[in-house]
Amino acid sequence: MMKSIKIFFLTSILLISIFLFVGCWNYREVDDINIVAGTAIDKGIHKEYMISIEILESSIGKESPTTSKLIVAEGESIFDAVRNAIAISGKKLYWSHNKILILSKEVAQEGITEVIDWFLRDVETRSDVYILVSKGTSAKEILEKKQKDEKIEQVVSFNLHDILVNQKVLSKAPNIQIWQLTNDIVDEGIMAIAPSVELAKVDHNDCPEILGTAFFKNDQLIGFLSENETKYLLFLRNQIKGGLLNLSPEDNKKNPTITFEIFDNKTKLQPVTKDKEIAMNINIDTHLAVGTIKGTKNYLTDKEIIQLEKDVADMIKTNCENLIKKMQSEYKADIFGFGAKIRAHKPAFWKYMGKNWENVFENLEVHINVNVGIINGSTTAKPLEVGD
């Protein structure tokens, strides 16, 4: 009897579970939603913010390219603008596929905490969205520039996402997601950065190009770094994943003669204290491979390789020093994370001087040591020569 009762209850539970858990609780008909691919935020014309949302358009047939269109709305807050966009589109916005968030320079200069707050708080948005700052044009204009080549996917946000992901090996712009930007804004001893995007002429067409860095003080944009400066910023932040270095040896300064590919790099920051003074020791250890050599001189003998390693080390050191001095004297902005390193490894000292870090950073003594190894110097005995 007891055994029959247990079997009855187990059977009942299984039947109830089948009815309760069949299907997905969050299932939505595709026809009832607009799938968001990317977002751009500018200052509004009539209200505080203008939001441009790139949504995917359905297509018929396997060979049909993915297309998109923009929904544009304004609001007194980002949440208000998003709700107004729903009223315009007539469908609920589905945010899980949102890849990109572009902020205009004007929005970023006023402060981005309020803007990104909604993306962090809303249950349907993701914190791993890549963030960019538009330079020279509105954020909306970036999303409007589709490729004219029909073979290229006509979703600007997806193209920008792919560029950012693949650009890690180029080191021409940082690779930053919303959660990383937020952490750097909140954390002490480091200023936030983001990649910058602008329109550039390619085959007589304006196309989005991601180059350089936007940098912040607290949550406000205060300036941009060039593509070249960005490379050395990434060296100092230990975020170099690849890229090229061009060198003009001492015997030929007119044009870069040798191009190197960065294979790997490790940068170590070490704060050192003495009495009530502090300095930062930076050790950069990088390995390169020779890519191309102009001219007919053989730079790949053992003697020349040693000299090239010294020349490249001097070049990296000089560019890093110049960037640090620029940030110290012009902006007082520690985008390198020197303060964060001190806070982690010298907490007692940080407690003493952390509240005045901006002024301490301005006069911080920095010592840089660069070690370069060229790993394929003997692969080719000498440059190729073209005969008559």
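**Note on the predicted model: packing, aromatic pairs and backbone**

1. Val107 is a residue of helix H3, which spans residues 105–110. The model is a predicted one. The relative accessibility of Val107 is 1%, so this residue counts as buried, the cut-off for buried being under 20%.

2. Beyond its neighbours within four places in sequence, Val107 has contacts with Ile41, Asp42, Lys43, Tyr49, Ile112 and Val115.

3. Helix H2 (residues 78–89) and helix H4 (residues 113–121) cross at roughly 60°, and their axes come within 9 Å. H2 is therefore oblique to H4.

4. Helix H8 (residues 227–236) packs with helix H9 (residues 302–331) at an angle of about 95°, the axes being 9 Å apart. Angles of 65 to 115 degrees count as roughly perpendicular, so H8 and H9 are roughly perpendicular to each other. H8 contributes Asn228, Glu229, Tyr232, Leu233, Phe235 and Leu236 to the contact, and H9 contributes Met315, Ile316, Asn319, Cys320, Leu323, Ile324 and Lys326. The residues of this contact of H8 with H9 divide into nine nonpolar, two polar and two charged.

5. Eleven aromatic pairs are found in the whole structure. In one of them, Phe336 and Phe361, the ring centres are 6.4 Å apart and the planes are at 40°, so the pair is tilted. Phe336 lies in the loop between H9 and helix H10 (338–345), while Phe361 lies in helix H12 (residues 357–362); the two are 25 residues apart, and the pair links distant parts of the chain. Both Phe336 and Phe361 are buried.

6. Phe361 also forms an aromatic pair with Trp357, again tilted, with 6.1 Å centre to centre and 50° between the planes. Here both residues lie in helix H12, four residues apart, about one turn of the helix. Trp357 is buried, as is Phe361. Trp357 and Phe361 belong to one aromatic cluster together with Phe336, Phe338 and Trp350.

7. Where does Ser171 lie? Ser171 is in the loop between helix H6 (156–166) and helix H7 (178–186). Its phi is positive, about 60°, although Ser171 is not a glycine. With 1% relative accessibility, Ser171 counts as buried.

8. Asn218 is likewise a residue other than glycine with a positive phi, near 60°. Asn218 is in the loop between strand S8 (205–217) and strand S9 (220–225). Is Asn218 buried or exposed? At 52% relative accessibility, Asn218 counts as exposed, the cut-off for exposed being over 50%.

Terms used: Residues numbered from 1 in each chain as written. Predicted model: local features only at pLDDT ≥ 70, side-chain atom pairs only at ≥ 80, totals over all residues. Heavy atoms only, no water. Axes fitted to C-alpha atoms, helices over the stretch in contact; angles between N-to-C directions. Parallel < 35°, antiparallel > 145°, perpendicular 65-115°, else oblique. Contact = heavy atoms within 4.5 Å. Nonpolar A, V, L, I, M, F, W, Y, C, P; charged D, E, K, R; others polar. Phe/Tyr/Trp six-rings, centres within 6.5 Å; stacked < 30°, edge-to-face > 60°. Buried < 20%, exposed > 50% of the residue type's maximum accessible area, 1.4 Å probe, protein only.
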